[in-house]
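Please look at the sequence and the structure below, and keep both in view while reading. The paragraphs that follow go through some local features one by one.

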Amino acid sequence: MNVTHYLNRPYRQAWTHDDDQESFRLFQQQVGLSEITAKILWLRNIRSLEDYRRLTVESRELSDPEQLPDLTKAVTFLENIRRDHKSIRVYGDYDADGVSATALLYQGLVWAGFPSVDYYIPNRFDEGYGLSSDAVVQAAADGIDVLITVDCGSSSQEAADLAAQYGIDLIITDHHGLPPVLPRARALVNPERMNEPNRLSGVGVALQLLRALLHDDVPPWAYAVAAIGTVADVVPLTGDNRLIVQRGLQALDMGACPGVSALLGERIKTGQRIHVDDLGFFVGPHLNAAGRMGDATPAVGLLLAARKEDAEPLAALLREKNQVRRDIEQEVLRSALAQLASYDQRGLPPFVVLAGDKWHHGVIGIVASRIKELVKRPVAIIGWEQDEGKGSARSVSGLHLLNHLAKHRDVFLKLGGHRGACGFSLVRQDPYELSLRFSRSLPEEILTQQFIDKTVDLRIKAEDLTPQVMDEFKALEPFGHGFERPQFAVVGTLESLRLMGQDKQHVAMTLEDTTVRVVGFNQADVASSFLVGMPIEFIGELVPNFFQGREEYQWRIHKLVNARALDLKWRSYTQWDVAPSTVSGRILYVVNSTREQHRVAKDLGAVSWNHHWDYGTRLVQEEKLRARSTISVVVNQWGLWPEIRHWAHHIIWLSPPANQQCLAMAASLLDVEGMMWVDPRLSPDTVILKAKRLVPHRQTLARLWRARQQGFKPLIIGGRVFEELGLEAGVSGQTRRDLHDSPSYQRAHTTWQEILASWQKPVIEWAKD
């Protein structure tokens, strides 16, 4: 909780007024786009007309399949054995990428005229990842002549040797990292063998093989299936991947994959387009759920279904499995967060490893992703089974995870994966010690991510979003990993507000001078206190929304900047008296300075809530608070507070509150039967003096600007005002700007006026307002 609304720095801004303005203006002129859209492209390193055309022209071709190592050898071999009527088994992985690749190559080989083809997906729990020796033995017993792996096999040396002993020809198609010694195979088609790897997914590699076999006469269904695996595996949505997804979405809109149509059901209305988010957040997780729960075969069957009616039972089964997966995931997530809280005593490492007995191996990857987003650092989750465990790790931007973990290869029994995710097995050992070991030699830029929230591309006013800009954005679809949907800091004036959802937990707003609707999911407890006509600022993204038979963009809020939940009934929870010495339970003490905060915390043996904590440490501390029924916390009312609603049994003000809104925000942290204590004798002098020092008056900003020009770093509030006005130290000829164009400046002065208004009367009188 940030009482003054301007001390906390909630995000960093990507666009700056650097010394390359001339090049940017030339680029904007060449592409003929609005300044907003041109800046978004510039930030994504699309900085020439050629780059722009390559991004937006959908008629361009995919790269030549023969650029992939050994692909020509694989095609030649397959064409030779087709004449001999040999049997082929497609061997896949159990995740959405592997399932998609299995369905695509199986169906593609049938199209290509191979007379005897089947497919096999291993059971996650009985067989594990990759081509296993048992699978080779079973293939030999089944009379299989050729095994083709998809999305796996690069690390299966033992199984490859066994296949050779049985006389089974092996073709490996994969995209995962390569081991020091490659397995024996007729062909090993893996873009990681290229000097500059094509970042294809497993299904993308399979599609390239199929294109070569069919001489590029590939039906739309194949692109539909390839798009699903490409999005689900979170490979960069650039280059070939972008074109695969563009073609796949078009095919899905035409109903080219009946199984996906059955799975989406009523989610997609007549006339509504399917988007990347539908694949990434709905179709992919449902396909994954089958493998996570053990048997991925129904997911392959769904993709192969020729009619929607045939797919309906499989779609129902996947929905059921996905619900079970979600329940198990929540259970493991709760346990993992509890363990994370225990790391507080020794410090939260830059690389976090958490482990537990019988943590379900099917969900540990998702839990690793969830915690990675919370703590903003690489995370590995391990499920122990007696003396051994299986783990799944997720990386952060800029860290090649497989290469990093390979430095500690002696820790693992098996290790595989790529730059973004890894799977492994190992003998039981202390997870915290593993955390420390994997934390060594992490690059400095990985460590700094722990303190940074989502990057904001641009700051705009709500009315800046014109119909032209929205049309330009539509032309830039699809957005995804590697070509992320832009994040904006948006400033506007509230025109209307209504609550939505069964429990009224969501909010829909309109802003003045724009027709673009604003939606905030699970934001009602904050936004419900907003008043029509008040300025608001949020971090959000433009997302397509199908409404009343047509598709239009709307704002989806990621964060309401410096807004906190208000308890509008705060007076009913307030005792205007000194707190008795007998209060117990979860107690929050509020003071007026950081120095006082540390002193009181030391005297009470309480936790001093530090606004300099990184995101992971803050999460750990909040989990620690949730877990304990008796604990004391001291906060500085001008800094950050724990963001745990209905947590405190008592809030005790040792300093005068800044204003009435401050008390309303504090009350939102109270337990339903909690109490807030305010001494009516408290004098406003200290709080008003502190507030006055923090307000960025014009004279103060001028002094800070002169200091900044000389190379000194200004206070946070000064830095944010300069950033929001687009002022850069050392850059000459900058246009004078109105201070009121800075939301931070406006918020600070609004809060200052609220403080003065509140203290027009003694604090005891606040109860009568």
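**Rings, helices and loops**

Arg82 lies over the face of Phe114, at 5.1 Å from the ring centre. A charge sits over a ring if NZ of Lys or CZ of Arg is within 6 Å of the ring centre and within 35 degrees of the ring normal. Arg242 is placed in this way over the face of Phe483, at 4.6 Å from the ring centre. The model is predicted, and local features need pLDDT of at least 70, side-chain atom pairs count only at pLDDT 80 or more, and totals for chains, interfaces and linings use all residues. Residues are numbered from 1 along each chain as its sequence is written, and side-chain values use heavy atoms, with hydrogens and water left out.

Rings can also pair with each other. A pair of aromatic rings is described by the distance of the centres and the angle of the planes. Rings of Phe, Tyr and Trp (its six-membered ring) pair if their centres lie within 6.5 Å; planes under 30 degrees apart count as stacked, over 60 as edge-to-face and the rest as tilted. A search of the whole structure finds 19 aromatic pairs. One of them is formed by Phe538 and Trp555, with 5.8 Å from centre to centre and 70 degrees between the planes, and it is edge-to-face. This pair links distant parts of the chain: Phe538 is in strand β17 (residues 535–547) and Trp555 is in strand β18 (residues 550–560), 17 residues apart. Helices (H or I, at least four residues) and strands (E, at least two) are DSSP runs, numbered from the N terminus.

Are Phe538 and Trp555 buried or exposed? Both are buried, where buried means under 20% relative accessible area, exposed over 50%, and partly exposed in between (1.4 Å probe, protein chains only). Trp570 and Trp576 form an edge-to-face pair because their ring centres are 6.3 Å apart and their planes are at 70 degrees. Trp570 has a relative accessible area of 4%, so it is buried. Trp576, at 16% relative accessibility, also counts as buried. Phe538 and Trp555 belong to one aromatic cluster together with Phe473, Phe479, Phe483 and Phe488.

Next come the helices. An α-helix has 3.6 residues a turn, so residues three or four places apart point the same way. In helix α1 (residues 21–31), the buried residues are Phe24, Phe27, Gln28 and Val31. Seen down the axis of α1, these buried residues fall within an arc of 100 degrees, so they line one face of the helix. The arc is that of the directions from the helix axis to the C-beta atoms. Glu22 and Gln29, on the other side of α1, are exposed. The cover over the buried residues of α1 includes α2 (35–43) and α3 (49–56). After α1 comes Gly32, whose phi is positive, near 65 degrees.

Two packed helices are described by the angle between their axes and the distance between the axes. Helix α5 (residues 96–111) packs with helix α8 (residues 202–213) at an angle of about 10 degrees, and their axes are 8 Å apart. That angle makes α5 roughly parallel to α8. Axes are lines fitted to C-alpha atoms, for helices over the stretch in contact, and angles run from 0 to 180 degrees between N-to-C directions. Angles under 35 degrees count as roughly parallel, over 145 as roughly antiparallel, 65 to 115 as roughly perpendicular and the rest as oblique. Among the residues that meet are Leu104, Leu105 and Trp111 in α5, and Val203, Leu207 and Leu210 in α8. Contact means heavy atoms within 4.5 Å.

Some features of the backbone remain. Which residues does a cis peptide bond join? The bond joins Glu477 and Pro478, with omega about 5 degrees. Pro478 is in the loop between α19 (467–476) and β14 (488–500). Gln386 is not a glycine, yet has a positive phi of about 60 degrees. Gln386 lies in the loop between β8 (379–385) and β9 (388–394), and with a relative accessible area of 69% it is exposed. Asp513, not a glycine either, has a positive phi of about 65 degrees. Its place is in the loop between β15 (506–511) and β16 (518–520), and Asp513 is exposed, with a relative accessible area of 65%.
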